[in-house]
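This report looks at a group of charged side chains and at how they pair with one another. Please keep the sequence and the model in view while reading.

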Amino acid sequence: MRTRAYFLFLAITSCLLIWYYINQLVDRSTRTQDMSGRLILAGGVTKFKDNDRTEISLVVVACNERHNEALNMLKSAIMFNHNRTPLRFVVIAEEKLKINFMEKLNDWQQLTDRVFTYEIHSLTFPRANKNEWRKLFKPCAAQRLFLPSLLSHLDAVLYIDSDTIFLSSVQEIWNLFRQFNASQFAGMAPEHEDKNAGWYNRFARHPYYGDLGVNSGVMLMNLTRMRQFSWQDHILPIYREYRLRLVWGDQDILNVLFHYHPDRLYVFPCEWNYRADHCMYMTVCDAPDGVKIIHGNRGYFHKQAQPIFNLIYTTIEEYTFGTDVYKNVIRTIEESLMLPSHSNCDKLLDKFLYDPRKHFKKKPIDGMT
């Protein structure tokens, strides 16, 4: 009798152990933890928690003269990080620029109480046609196409061109990941808002996304999903087929891909990638809650065609960490535009300063004022 009871006990115990082991395997296959602590469900869907303080990864690529622009963009991300969300800057740069980035970022870490970390990577392109990829459109711009393989340790990133400036917290655009559905792995803004001024619908000689195409200067990227999609295996054939018809380089390649896979793209509003095209002739971007990210493409940060673009860039460039943001940035911009201007963009000053005024007027931030 004892023997029978003993074997029955062993059988039940074995079944329970097997059941537990199988459930553990299933659990591991549908739930993993990425390096920054976010919970990743099957398919690389980031589950954001309430009051999420998870580190945000921001990627920029810099070659040649883009070095100073990239630093100014990162500086703006720190300045307007009013809720002090932990940031990770991922810099991909030419070898000759790495030391300059390291020195400047080390200095800023000391001045901002280490609200950010950083990592610096070398440029990495496929061996086949390596020089062609490097020179596609602008130097190094095509690097963004290979982020899923280069940054294999990261789940999701915000890629942003060097010629951009944050006017809001990085946390705000990062929260747009919450809006992705189960199939989407990238987010971008439209290239145009007006068909009469659209470039793709009038001049493109290749397929493009939607009616007006999308602009790649600001791009949310769920790298986990992109890797599962075999991203690079889709990009390379597009380049081979359309390379003689690409005017805007990597952006055109992205437009071709999302033309054929529109379900993979989330399109966010123009205020997250605000360009002179949105205001120089007439206002075509409503931006009801203000301009969030300003994109100085085609050199608008460095010329006076639309003065407010140059003014915002230079004011942030001249700002010193530890001084009053309201006085030395917001008031400086306001006072510089007091005189009447013939620029339509200048007339939208309130749109550009919507977020800075809201968060910094008489609201000093410890260590960032």
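## The D350 and R357 pair

D350 and R357 form a salt bridge in which the closest N and O atoms are 2.7 Å apart; the term denotes a side-chain nitrogen of Lys or Arg within 4 Å of a carboxyl oxygen of Asp or Glu. D350 is exposed at 52% relative accessibility, whereas R357, with a relative accessible area of 25%, is partly exposed. Here buried means under 20% relative accessible area, exposed over 50%, and partly exposed in between, with a 1.4 Å probe and protein chains only.

## Basis of the values

The model is predicted, so local features need pLDDT of at least 70 and side-chain atom pairs count only at pLDDT 80 or more, while totals for chains, interfaces and linings use all residues. Residues are numbered from 1 along each chain as its sequence is written, and side-chain values use heavy atoms, with hydrogens and water left out.

R331 forms a salt bridge with E334, with 2.6 Å between the closest N and O atoms, and another with E335, for which the corresponding separation is 3.2 Å. R331 and E334 are three residues apart in helix α12 (residues 325-336), which means that about one helical turn separates them; E335 and R331 lie four residues apart in that helix, also about one turn. Helices (H or I, at least four residues) are DSSP runs, numbered from the N terminus.

R331 is partly exposed at 31%, as is E335 at 45%, but E334 is buried at 12% relative accessibility.

A network of salt bridges links R331, E334, E335, D350 and R357, and the structure holds 18 salt bridges.

Terms used: Helices (H or I, at least four residues) and strands (E, at least two) are DSSP runs, numbered from the N terminus.
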